[in-house]
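I opened a new page for this model today.

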Amino acid sequence: MTDTLFAKIIRREIPADIVYEDDDVLAFRDITPQAPVHVLFIPKTPIATLNDLTAADALGVGKLVLAAARYAKAQGFAEDGYRVVINCNRDGGQTVFHLHLHLLAGRAMRWPPG
Ligand code: 5GP
């Protein structure tokens, strides 16, 4: 896959407000937050979209989700609740083609989404 701005954030070539990092996952605040808390969790090994996942990626995706859930607990908003979103391709609203999980919190979310 082609290089994306998220790969540049992983390499520290573009600044970002990083809130969590481990061997597999990086998390940083979205530059255009849609909620009081809006953090993007990305795998350090790039995958373009959900469509590109294979069985070999299952552990990595699990780590991504687990990192987000742990962050929510650590930050104290897990009990109030939050939303996790992964957009895929045009109709899903994906604009950066490095798989990422949006963690949104700090306000009541509407359903259905727009
Ligand atoms: P998508 O639309 O692909 O699901 O989400 C991409 C997200 O990346 C958007 O919410 C957008 O605001 C965010 N974003 C785009 N450029 C940057 C950037 O340079 N830095 C950060 N931190 N977020 C960005």
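My entries follow in the order I looked things up.

**Ground rules**

I am working with a predicted model, where local features need pLDDT of at least 70, side-chain atom pairs count only at pLDDT 80 or more, and totals for chains, interfaces and linings use all residues. I number residues from 1 along each chain as its sequence is written, and side-chain values use heavy atoms, with hydrogens and water left out.

**Entry 1: the ligand**

I looked up where the ligand sits, and it is in the largest pocket. A pocket here is an open set of points on a 1 Å grid over the protein atoms alone, where a 1.4 Å probe fits, with protein on both sides within 12 Å along at least five of seven lines. To sit in one, a molecule needs more than half of its atoms within 2 Å of the grid points. Helices (H or I, at least four residues) and strands (E, at least two) are DSSP runs, numbered from the N terminus.

Next I checked N and O atoms. A polar backbone atom of Arg29 is 2.9 Å from a ligand nitrogen. For Ile31, a backbone N or O atom lies 3.3 Å from a nitrogen of the ligand. The side chain of His102 places an N or O atom 2.8 Å from a ligand oxygen. Alone, the ligand exposes 520 Å², and the protein buries 83% of that. These areas come from the Shrake-Rupley method with a 1.4 Å probe.

**Entry 2: His102**

I stayed with His102, which is in strand E5. Is His102 buried or exposed? It counts as buried because its relative accessibility is 12%; the cut-offs are under 20% for buried, over 50% for exposed, and partly exposed in between (1.4 Å probe, protein chains only). Its side chain also makes a polar contact with the side chain of His38, at 2.8 Å. Such a contact is a pair of N or O atoms within 3.5 Å; within protein, one must be able to donate a hydrogen and the other to accept it, and residues adjacent in sequence count only if both atoms are side-chain atoms.

**Entry 3: Thr49**

I found Thr49 in the loop between strand E3 (37–43) and helix H2 (58–75). Thr49 is buried, at 5% relative accessibility. Its side chain reaches the backbone nitrogen of Asn51 at 2.9 Å.

**Entry 4: backbone checks**

Most residues other than glycine have a negative phi, and most peptide bonds are trans. I noted the exceptions below.

- Arg12 has a positive phi, near 65°. It lies in the loop between H1 and strand E1 (18–21) and is partly exposed at 45%.
- Asn89 also has a positive phi, about 60°. It is in helix H3 (residues 89–92).
- The peptide bond from Trp111 to Pro112 is cis, with omega near 5°. Pro112 lies in the segment after strand E5 (101–105).

Notes
On a 1 Å grid over the protein atoms alone, a cavity is a set of points where a 1.4 Å probe fits but cannot get out, and a pocket is an open set with protein on both sides within 12 Å along at least five of seven lines; lining residues have an atom within 4 Å of a point.
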